[in-house]
Amino acid sequence: MIEGTVAKCESIFMRLAAFFSLLIMLFSSGNSYAWSIDEDFNDGVVGQSVQQSGAMDDAAGGTKYSDEQSLEGSLVAKMSIAAGQTGFGSWGGIVNFPSRLESGDRYWVQFYMYIPSNFRIYTPTNGSLKFLRIRTVTPNGSNAGYNDFQIMDDGTNADAVYRFIKEGVWDRGWMQIGRTSEKSTILPRDQWFKVELALSFGVTPVSEGGNSYVRYWVNDKLVWNGTGAQTLSGSDHIADALYIFTYWNGEAPQTQSVYIDSLVMTSDTPSNRDSQGFPYIGDRGISIGEGDQEVSPPAKIEDLSVE
C-alpha cells in the first residue's frame, strides 16, 4: 500500500515538474509569443497628433492625421519637418514592440508611403536619410545600436538608392541597395507605394552559416536579400522598437512632408511567400494608386497569441 502511494506521488510530482518546465520555456523564450500590430490611421481627426491618439508611441508629436492624400479613402499619417531642424520628437515616430524580440526571432513591417516630387532628401553630414531603424538594447536596457536602413541623398555619387548598417558592428560597413537607374521604381514620387522590411535577429549572417538577414521589398518585389547582414551586436541583445524617420542628420533643407498609411508589423511568420519562396506580408488587398481607393480599411488589431 505504501509503495503504491509513493509511486503515485512520484508520478504526480513528475507531471507537475514537466508542466512547470513547459511554463518556464513558454514565458522565457523570445519565440513563445507572436504578436501583430495593424494601424490604419483612421481613428483620429485631421490635425491631431497620431501620438496623442496612441497610433504611435513616441517622437511623433508633429506627425498628424491628414486627408491631403488618401490611400483607402480615409485618413493617413502626415510626417512633417521644418527647414533647419533635425526633427527628433516631431518628425516621424516610434512604435514599440508589444514584446521584445531576441536572437532567433523574426520580424516584418509593411506600410504604404507617398513622397511628393518636391520632397528633397539632403543630409550634408551623413549622405543618407534615416528611414527605418530597429532599436536594439542590452539585457539591462542600454543602447546596443540600431539596424539602420537609410535612403540615399538626392544626387548622390553612389550608385545606390538605399543603404543599411548595423550600428555597433561597424567593421561590416555600409551595404548598398538598389541602383540609381531603378530609383523611379523602388523609390517613386507622387504616388502611393508599398514598402516591407524583414529581419531575422542574430549575430551571424546567413552567408556565414547563421540565421541573421535583412530583406526589403517594394510593391511586393524583392529589392534586397541581405544575407550578409548582422542584426544583433551580441547574442543576448534585444530588439524592442521601430523608428520611422525621427532624425534628420545635418538639418532638413526645407519645410516638407511625406505621408504613410496602413502600417502592419508582426513577429508571426506570414503565410504569403514571394517569388523566391521567402515569407512576407505581401498582398493585403489594398490597391496602389493616387487618390481615393475603393477598398475596405483593415481593422486595427494588437494581438498576442501563443505559438
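Biologist: How many bridges join strand β6 to strand β13, and do the two run parallel or antiparallel?

Modeller: Happy to! Keep in mind that this is a predicted model. Strand β6 covers residues 128–137, and strand β13 covers residues 238–245. Six bridges join them, and the two strands run antiparallel. To find this pairing in the picture, look for Ile134, whose bridge partner in β13 is Leu242.

β6 also pairs with strand β7, which spans residues 143–152. That pairing is antiparallel too, and it extends over eight bridges. Here you can look for Lys130, with Gln150 as its bridge partner in β7. β6 and β7 form a hairpin with five residues between the strands. In this hairpin, Gly141 takes a positive phi near 95°.

Buried here means under 20% relative accessible area. Of the 10 residues of β6, 10 are buried, so the strand is largely enclosed by the rest of the structure.

The structure holds one cavity of 30 Å³ or more, and the largest cavity has a volume of about 40 Å³. Strand β8, residues 162–166, gives the largest share of its lining, with three residues. Among the lining residues are Phe164, Ile165 and Lys166, as well as Arg172 and Gln230. By type, the lining divides into five nonpolar, two polar and two charged residues.

Key. Residues are numbered from 1 along each chain as its sequence is written. This is a predicted model: local features need pLDDT of at least 70, side-chain atom pairs count only at pLDDT 80 or more; totals for chains, interfaces and linings use all residues. Side-chain values use heavy atoms; hydrogens and water are left out. Buried means under 20% relative accessible area, exposed over 50%, partly exposed in between (1.4 Å probe, protein chains only). Helices (H or I, at least four residues) and strands (E, at least two) are DSSP runs, numbered from the N terminus. Two strands pair if DSSP finds at least two bridges between them. On a 1 Å grid over the protein atoms alone, a cavity is a set of points where a 1.4 Å probe fits but cannot get out, and a pocket is an open set with protein on both sides within 12 Å along at least five of seven lines; lining residues have an atom within 4 Å of a point. Grid points are joined across faces, edges and corners, and a volume is the space filled by probe spheres set on the points. Ala, Val, Leu, Ile, Met, Phe, Trp, Tyr, Cys and Pro count as nonpolar, Asp, Glu, Lys and Arg as charged, and the others, Gly among them, as polar.
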